[in-house]
Amino acid sequence: MSPIQRAWRGGKNDWRLHVLSIFSVAVAFVCLASALLVVVNIHALQTRWAKAGRASVYLQASASPAQISIIEKALRGTPGVKNVRFVSSEAARAELTSRAEDELLSALPAEAFPASLEVMISDDADSSRVDALAANLAKLPAVETVETYQSWTQKLSGLLSGGVSAALLLAIVVLAAVVSVVGSTIRMALQRRSVEVEVLKVVGATDAYVRRPYVIEGAAQGAIGAFLAILLMGVLFLLVRRGVDSQVSVLLGVEPSFLPWQMVLSMVLLGGVLGALAAYGSLRRLLVV
């Protein structure tokens, strides 16, 4: 009988024990998958905003059409600027109220929404050039303020670093949890089949022959637990994504995304490897020649 067949037979006999182990492993991987999902979406958002290539030049209410025209013409002749679009107060009000559909915003007069020049900058323009352009524009008397969205990128970078650190910490917790749960389960399974193991040892079976099905069971527990965790996270992700207003995605410029398939496959493989190592380590101390 092959090790896989022996592992299947042993798994059926102790299925309650294995189900409990898989559930515990799945709970641990849900925590890791949640952290990774947050990191993936923050990284996508940071990448989007870092390459947004956009600056908003908010104008003074007293800015004359001639001043606005001069600034717009100067911007169009600036290296790295792809396009400049003037947005009047009325247009800004109409655009914002159409997205938000808020009665409070709709009740505000057009004067509450400053006119602006929306500047599209090429993606290869470095941040220092953008900052220099913003600083020069801010000195003009017709300009109220300039928003380059660089501060958002910096905040997202800090948030991303924190998310990565949290994911690494959770990875260590998952490592300890899987090793502990699977190792304990395999030791209990070995004790339940002690008679079978003794018979095998009497007839000359080696430790490696006895150990193989248990290692396979441990790998299966880890891999199945990780897969179920990802499946659960996928269902929760779809539910949350359905509840997220599409206008939020339009505003942020990024659609919520699930874990890439490479990361999903890596988590399943990680679960299998951890389960196999935990089973091997627990049996190495129990089996004697």
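**View 1. Helix α3 of a predicted model, residues 65–76**. At 1.5 Å a residue, the 12 residues of α3 should span 16 Å. The end C-alpha atoms of α3 lie 16 Å apart, which agrees. The expected span is 1.5 Å times one less than the number of residues. Helices (H or I, at least four residues) and strands (E, at least two) are DSSP runs, numbered from the N terminus.

**View 2. The two sides of α3**. Ile68, Ile71, Glu72 and Leu75 are buried (under 20% relative accessible area; exposed is over 50%, partly exposed in between; 1.4 Å probe, protein chains only). Seen down the axis of α3, the buried residues fall within an arc of 100°, so they line one face of the helix. The arc is taken from the directions from the helix axis to the C-beta atoms. Ile70 and Lys73, on the other side, are exposed.

**View 3. Strand β1 and its partners**. Strands pair if DSSP finds at least two bridges between them. β1 (residues 54–59) pairs with β3 (residues 116–121) in the antiparallel sense over 5 bridges. Ser56 has Glu118 in β3 as its bridge partner. β1 also pairs with β4 (residues 143–147), in the antiparallel sense over 4 bridges. Here Val57 stands opposite Val146.

**View 4. Ile224 in helix α9, residues 207–243**. Ile224 has 39% relative accessibility, so it counts as partly exposed.

**Notes.** Residues are numbered from 1 along each chain as its sequence is written, and side-chain values use heavy atoms, without hydrogens and water. In this predicted model, local features need pLDDT of at least 70, side-chain atom pairs count only at pLDDT 80 or more, and totals for chains, interfaces and linings use all residues.
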